[in-house]
Amino acid sequence: MKRPGVLVMIGAAVMAFAVACGGGGSSSAENETAGKYPLLSKAMQNRAAYIPSQCYTITEGEAGQKFNPCYSCHKNSAEPNYNNDDDLQEAYTFAEYANTNRWTNLFKDRTAAVAAQSDSDILAYVRQDNYKSADGRIILAEKLKSVPAEWDFDGDKKWDGYTPDCNFSFDSEGFDRTSSNGYTGWRAYGYAPFLGTFWPTNGSTDDVLIRLAEIFRQDENGNFSTAVYKINLAIVESLIKKKDIAINAVNETLYGVDLDKNGSLGTAAIIKYDWLPSAGKYMSYVGRAKAELAAGRVHLAGGLFPEGTEFLHSVRYIDVNGGEISMSARMKELRYAKKMGWYTYSDLENAAYAELKEEYDFPTRLSVYYGDIESGLSNTTGWIYQGFIEDAAGDLRPQTYEETVFCMGCHTRLGATSDSIFTFGRKYEDASKRGWYHWTQKSIKGTPEHQAAYDGKGVQYEYEMYLKQNLAGDEFRENEELKAKFFNADGSLKTDAVNAMRSDISVLLFPSSSRALMLNKAYRVIVKEQSYIYGRDANVKAVTNVHKTVSPQDKPTGITDFILSTASSLIF
């Protein structure tokens, strides 16, 4: 259940493209462009593509049950997230156009197409690396050196967007290394998988990496320093989570910053979160970023990432080897985000109020996101988002405008995010690696269940809470395997399964081998069809617990037991 967005212009040429893509018809000029650049200019089939398919879930059962997966995204957010969209648990608050569910792939039966694929063929497919060649080159980066005409939005014969540069070759601290043992700046981290859709049992494995701007990786003389970079990453983690973060002991005198806020420079084992300018409390980065902060060229604030922060998110198939579940070599998607500008608390609050005003003044207006497949799409609060996805042959290609709009609703104005990002606030903090590792280095298997604080309900186990509120392990309530494992016939949770999950969340998150292969096959059908604009959910049979149309306008969900928590409520 999503609200309309605020429109922000980032350039006349970009705006013209976005309006053309969002329009209902196609002009002769647009048709001419479509003939030259077919991937770039096809009119949108779903102008509400920013509303995820999960938001059309039916939340009331025939026997009067209430299902509430909505609270996972729609929360009473904490500043500087001013969206406070927990009220969207209450009704399907769509613009009139969006009352028709255009994610029609949900209603297809792929049973025959899935059955036609053998287990050996799908395993061979998902184990083939479509990101790097056999000699270690990044395939997409090589293609972008001579950008294909259909990807070249502005026709300047060069790629203007993000060029994949992560080697996915990690050292013992999660840093991505080059073939010459250098650093790309990317660092992988483990995190608590977000509720529902991103659990592997529902179709995909994934990973996330962060990279701060170059100045955060340099000492005061401008030289690259892993020591400086690790401290600055810990400072950013403290800012996003608004809490103290444990670090390996460092000598503060080397950096001239009282990291643990004990009043003197000595040995620090924590980054103390102590930022409240109105009370004279400030924090600082270290190295070159310290000087840039003092000069006002970069910024620091609780709950916000600094300018230039990047995220890389690969979405993958599920590999199965001897009954063990893991990430596949093949990528379904490679998603990229970069923070391009700085918004103050006041800026963000004003933007949230403008959102509410637009919803009130123009209840039928749809969101429009400005950008293109080369430069990415703006989320209106400083971030650019861009994506690459499999073509029919399984090679990665840039997403079209509409395919990228699919990503924007969740990364624009949502109560569950921290500065538009889902995972960093959910980063693990284990004592051995501080959460800095890639899933290929440390499987999620054996990870204990974490807790979260809920208004009026106290501290609860997060995944158990989701199961209780949704009476299922996915928004569509179609995962029968998980239901059989965790639920009794009367809808109560099975004590033995919940107890097993306490010490190992893979009991919940990982599918059986047979289900993993089935989901892989179902998604490959979508790849061959190139039908992403009609949905990316890997369902085999037609989904039944989803509205095809929502009526009446602003239809109540029937949910009355609202779950209230903030994005920063997790307890590790």
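Predicted model: local features only at pLDDT ≥ 70, side-chain atom pairs only at ≥ 80, totals over all residues.
How many bridges join β2 to strand β3, and which way do the two strands run? Two bridges, and the strands run antiparallel.

On one pairing we have β3, residues 205-211. Look at Arg187: its bridge partner in β3 is Ile210.

Strand β2 also pairs with β1, residues 175-177. Again there are two bridges, and again the run is antiparallel. Find Arg177 on your screen; it stands opposite Tyr183 in β2. β1 and β2 make a hairpin, with five residues between them. In that turn, Asn181 has a positive phi of about 70°.

Next, a histidine. Where does His438 sit? It lies in the loop between α9, residues 401-408, and β12. Buried or exposed? His438 counts as buried, because its relative accessibility is 3%; the cut-off for buried is under 20%.

What does His438 touch, leaving out residues up to four places away in sequence? Phe168, Phe170, Ala188, Asp207 and Met327. Take Asp207 from that list. In sequence, His438 and Asp207 are 231 residues apart. In space, their C-alpha atoms are 7.3 Å apart. Their side chains make a polar contact at 2.5 Å. The side chain of His438 has another polar partner, the side chain of Thr440, at 2.7 Å.

Thr59 has 1% relative accessibility, so it counts as buried. Its side chain joins that of Tyr92 through a polar contact of 3.3 Å.

Now the sheet with β12 in it. Strands of a sheet pair through backbone hydrogen bonds, parallel or antiparallel. Here three strands form an open sheet, ordered β13-β12-β14, with antiparallel pairing. Which strands are at the edges? β13, residues 458-461, and β14, residues 570-571; each pairs on one side only. Strand β12 covers residues 451-454, and four bridges join it to β13.

Helix α10, residues 462-470, lies across β12, β13 and β14. Relative to β13, α10 runs at about 85°.

Last stop, a helix pair. Two packed helices are described by the angle and the distance between their axes. Our pair is α4, residues 119-126, and α14, residues 513-529. Their axes come within 10 Å and cross at roughly 70°. That angle falls in the 65 to 115 degree range, so α4 is roughly perpendicular to α14.

Who meets whom? From α4 we have Asp119, Asp121, Ile122, Leu123, Tyr125 and Val126. From α14 come Leu517, Asn520, Lys521, Arg524 and Val527. By class, this contact has six nonpolar residues, one polar and four charged.

To recap. His438 is buried, with side-chain polar contacts to Asp207 and Thr440. The β13-β12-β14 sheet is open, and α10 lies across it.

Notes
Residues numbered from 1 in each chain as written. Heavy atoms only, no water. Axes fitted to C-alpha atoms, helices over the stretch in contact; angles between N-to-C directions. Parallel < 35°, antiparallel > 145°, perpendicular 65-115°, else oblique. Contact = heavy atoms within 4.5 Å. Nonpolar A, V, L, I, M, F, W, Y, C, P; charged D, E, K, R; others polar. Pairing = 2+ DSSP bridges. Buried < 20%, exposed > 50% of the residue type's maximum accessible area, 1.4 Å probe, protein only. Polar contact = N/O pair within 3.5 Å; in protein donor to acceptor, adjacent residues only side chain to side chain.
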